[in-house]
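This report describes the contacts made by one chain of a complex. The sequence and structure are shown first.

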Amino acid sequence: MFWQLVVSGLATGCIYALVALGLTLIYKATEHVNFAQGEMAMVGAFLGYTLYTDLHLPVSMAVAGAVVLSGVVGLVIQFVVIRPAADQPHFNVFIITMGLSIVLRSLAGLVWSHDEFPFPGLFPVRPVTFGPVVVTPLNLGTIAVAVGIMAGLFAFFRYTRHGVAMRAVCERPEAAQLMGVEVRRVFAAVWVLSAAVSGLAGALIAPVLNLSTHMGAVVIPAFAAAILGGWGSFPGAIAGGMALGVIENLAGGYLAGQIKNMVPFLVVLGVLVVRPQGFLGEKEIRKV
Amino acid sequence: MGARDTDRTILSVDNVSVDFGGLRALNRCSFEVSKGEIYSIIGPNGAGKSTLFNVVSGIHRPAEGRVLFRGRRVDGLRPSRISRMGMARSFQNLELFSGMTALENVLAGGHRHLGYGFFRGLVFDPGVRREERRAREEARGLLAFLGVEGYANSPVDDLPYGVQKKVEIARALATGPGVLLLDEPAAGLNDRETGELMDTIHRIRDERGVTLLLVEHNMRFVMGLSDRVCVLSFGRILAEGGPERVRADPAVVEAYLGETAC
Ligand SMILES: Nc1ncnc2c1ncn2[C@@H]1O[C@H](COP(=O)(O)OP(=O)(O)OP(=O)(O)O)[C@@H](O)[C@H]1O
Ligand SMILES: [Mg+2]
């Protein structure tokens with residue numbers, strides 16, 4: 001029972017981690033907090049659903065297509081909504097992204113309705129047994145895909161100069177500009193990446209939750225995950241997401257099912273009291 | 001140095017003023033720098049030297065006047081554009097990308113020489129890998145040129161100050177500049193390091209054909225290195241010419257050298 005809960009918690013946690021990674025990408029590069037991150041995941045999943053049901057693509061192609069189309073959605077959002085407001089105070093941009101989350105949900109409702117749809121899984125749900133542990137290939141596959149994408153992102157940031165330039169912009173946009181890096185282009189690229197990663201998260205979780213316009217609520221545990229790991233830290237977002245998924249599942253399994261939804265809040269509250277910088281975050285040292 | 005000799009002029013600052021609110025940090029400054037020159041700007045604290053660098057590299061917009069780089073107007077252009085035209089700089093207070101290694105800092109400097117786009121970078125095909133290897137070799141070569149290749153894989157934050165300054169110069173050189181602006185490169189260095197730096201600056205000019213614009217307080221450094229010196233005080237140019245001439249200029253002696261002469 002314990003290990004089942006851990007593995008399925010880890011699978012959910014990987015989804016949180018991906019969305020938290022999307023939040024962190026945007027935050028690190030632009031210092032904007034994107035409240036619409038969950039709706040971006042939701043729209044990505046719906047796009048995959050359309051590719052699957054209307055264009056009859058195989059599931060894997062539909063998921064890949066969802067990732068690509070999500071990137072396009074991210075680019076459009078960046079151009080139309082975020083860039084014009086780039087010089088506004090960060091709080092205004094936060095409010096804009098809140099509005100964006102409502103708009104995306106309404107638009108998705110118009111296009112696909114607010115019903116729930118069964119979403120095809122990339123992997124079968126019929127459980128398999130590993131010694132004492134019974135797990136579903138869906139859980140394992142979700143973990144594998146998420147971990148693979150995260151590893152790929154790390155390689156990108158480490159081994160390509162576009163990745164290095166993006167990190168440079170995150171550190172010091174002004175100095176990066178003086179190296180010839182087009183900061184505005186990097187911001188656009190960050191939104192593309194962030195939206196694509198979230199779209200993947202949406203397509204991976206949709207088979208579990210059933211596809212609906214309410215899926216955007218995943219942004220709340222993603223925020224909790226990012227804060228747990230250390231707000232603004234990439235490894236923190238990933239570790240925080242996985243840890244939160246497992247904690248949530250164990251609490252739901254051993255205590256009471258209803259506690260599950262409260263766990264993200266309790267975790268955030270606990271972290272902010274015990275270790276405000278999160279577990280992998282750096283303590284902010286104010287230079288005087 | 002004929003001021004009208006436009007073929008040889010690589011950078012010209014023409015009647016430039018910069019205002020910060022009510023403060024006029026630069027007041028109708030004009031000078032020209034020739035290709036291959038080592039040109040220094042000196043002056044007391046707050047004279048406007050860093051502001052001059054900021055306006056030349058595109059961080060500030062002049063209230064009036066023009067900046068011409070390689071015969072083209074660059075005032076008002078984005079810093080990234082000016083950088084890609086071949087201007088690089090270091091900063092008075094180091095602006096290294098913390099959280100990255102020395103090598104990665106230099107790689108970020110070479111960003112504009114990328115031969116592949118962002119999405120191909122995500123695919124990471126063999127062509128991309130080849131180019132990344134070449135870029136890394138170049139970056140290592142630049143660190144070696146500055147004598148700090150041994151620190152390539154250390155996080156820059158952990159490096160001694162003198163090494164950080166060299167990494168910053170390597171990063172600027174990675175952009176492949178025709179003109180390099182160094183803001184107080186010798187500040188905080190000991191005598192030996194300062195001597196090495198003078199040597200390096202000569203090599204940057206002689207081996208790489210880079211024109212240098214320096215801001216520096218260390219007089220031995222400035223007088224030993226510069227082809228010409230420009231003296232700035234309260235945002236105005238007091239004098240300009242060879243080191244000996246400037247040193248002897250009465251206005252300069254009064255405004256500046258009088259207190260800190262070597
Ligand atoms: N961004 C800014 N906003 C407002 N005032 C500024 C700004 N940058 C510089 N100043 C002011 O402009 C004047 C010139 O500053 P600048 O930094 O160019 O001097 P400097 O010659 O480089 O001095 P130092 O030798 O101390 O580096 C100073 O009075 C400074 O306070
Ligand atoms: Mg200065």
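Which polar side-chain atom lies 3.5 Å from an oxygen atom of ligand 1? That atom belongs to Glu184(B).

The model is predicted, so local features need pLDDT of at least 70 and side-chain atom pairs count only at pLDDT 80 or more, while totals for chains, interfaces and linings use all residues. Residues are numbered from 1 along each chain as its sequence is written, chains are lettered from A and ligands numbered from 1 in the order in which they are written, and side-chain values use heavy atoms, with hydrogens and water left out.

**Ligand 1**

Of the 14 residues around ligand 1 (a heavy atom within 4 Å), Gly46(B), Lys49(B), Ser50(B), Thr51(B) and Gln92(B) come nearest. An N or O atom in the side chain of Asn45(B) is 2.9 Å from an oxygen atom of the ligand, and for Gly48(B) a backbone N or O atom lies 2.9 Å from a ligand oxygen.

**Domains of chain B**

The domain assignment, which is automatic or from a database, divides chain B into domain 1 (1-86 + 178-262) and domain 2 (100-176). Their contact (heavy atoms within 4.5 Å) takes 20 residues from domain 1 and twelve from domain 2. The C-alpha centres of the two domains lie 27 Å apart. One salt bridge (a side-chain nitrogen of Lys or Arg within 4 Å of a carboxyl oxygen of Asp or Glu) is counted between them. Lys166(B) forms a salt bridge with Glu196(B), with the closest N and O atoms 3.1 Å apart. On the side of domain 1 that touches domain 2, helix 7 of chain B (a DSSP run of H or I, at least four residues) gives the most, with eight residues.

**Chain B against chain A**

Here 38 residues of chain B are in contact with 26 residues of chain A. Phe97(B), His111(B) and Phe118(B) supply 21% of the area that chain B buries against chain A, more than any other three residues. The count of salt bridges between the chains is six; Glu104(B) pairs with Arg167(A) in a salt bridge, the closest N and O atoms being 2.8 Å apart. Helix 5 of chain B gives the most to the side touching chain A, with five residues.

The table lists the buried area (accessible area, 1.4 Å probe, that two parts lose on being put together, summed over both).

| Parts | Buried area | Share from carbon and sulfur atoms |
|---|---|---|
| Domain 1 and domain 2 of chain B | about 1200 Å² | 65% |
| Chain B and chain A | about 2900 Å² | 61% |

Note on methods. Helices (H or I, at least four residues) and strands (E, at least two) are DSSP runs, numbered from the N terminus. A polar contact is a pair of N or O atoms within 3.5 Å; within protein, one must be able to donate a hydrogen and the other to accept it, and residues adjacent in sequence count only if both atoms are side-chain atoms.
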